[in-house]
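Visitor: I am new here and would like a tour of this protein. Could you show it to me, and may I ask questions as we go?

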Amino acid sequence: MSERALLATAEFKSIRRASSLTDLEAELRELSLGAGLEVVQSLIFRQNEPSAPLLLGRGKVEKIRDIVKKERIDVVLFDDARAIVTGK
């Protein structure tokens, strides 16, 4: 049985990216599937700048938490290398 994954892609107006959000989400999905994960849901967040210390704002983090509980997610993957997941 594969682990259930939630993908989170973030766009910050203060950070320019070479790739579009759609391309980043597709790449993250491909990597997840290649690793044997079952992608349950994918979220795209937009905000002005990263929020310390959670990267995303409190409301967005709470939304992720609620989805993790409801959908029994095992792994949350962020497209941003600066995002560190420390566990449930």
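Visitor: Leaving aside neighbours within four places in sequence, which residues is Leu43 in contact with?

Guide: Welcome! This is a predicted model, in which local features need pLDDT of at least 70 and side-chain atom pairs count only at pLDDT 80 or more, while totals for chains, interfaces and linings use all residues. Residues are numbered from 1 along each chain as its sequence is written, and side-chain values use heavy atoms, with hydrogens and water left out. Contact means heavy atoms within 4.5 Å. With neighbours within four places left aside, the partners of Leu43 are Leu6, Leu7, Ala8, Thr9, Lys63, Ile64 and Ile67.

Visitor: In what order do the elements of the chain run from the N terminus on?

Guide: Helices (H or I, at least four residues) and strands (E, at least two) are DSSP runs, numbered from the N terminus. The chain has two helices and three strands. From the N terminus on, their order is β-α-β-α-β.

Visitor: What percentage of the residues in the chain is buried?

Guide: Buried means under 20% relative accessible area, exposed means over 50%, and partly exposed lies in between (1.4 Å probe, protein chains only). Of the 88 residues in the chain, the buried share is 33%.

Visitor: What share of the contacts with a separation of 6 or more joins residues 24 or more positions apart?

Guide: Here we look at pairs by their distance along the sequence. Among contacts with a separation of 6 or more, residues 24 or more positions apart account for 67%.

Visitor: How many salt bridges does a search of the whole structure find?

Guide: A salt bridge is a side-chain nitrogen of Lys or Arg within 4 Å of a carboxyl oxygen of Asp or Glu. One of them joins Asp66 and Arg65, at 3.1 Å from N to O. The search of the whole structure finds four.

Visitor: How many residues apart in sequence are the parts tied together by Glu38 and Arg4?

Guide: The side chains of Glu38 and Arg4 meet in a salt bridge, with 3.4 Å from N to O. Glu38 lies in strand β2 and Arg4 in strand β1, so the pair ties together parts that are 34 residues apart in sequence.

Visitor: Which residues are linked in a network of salt bridges?

Guide: Glu38, which is partly exposed at 35% relative accessibility, belongs to this network. The linked residues are Arg4, Glu38 and Glu71.

Visitor: Is Glu25 buried or exposed?

Guide: Glu25 is found in helix α1, and its side chain meets that of Arg29 in a salt bridge (3.1 Å, N to O). These two are four residues apart in helix α1 (residues 21-34), so about one helical turn separates them. Leaving aside neighbours within four places in sequence, Glu25 is in contact with Leu7, Thr9 and Ser42. At 15% relative accessibility, Glu25 counts as buried.
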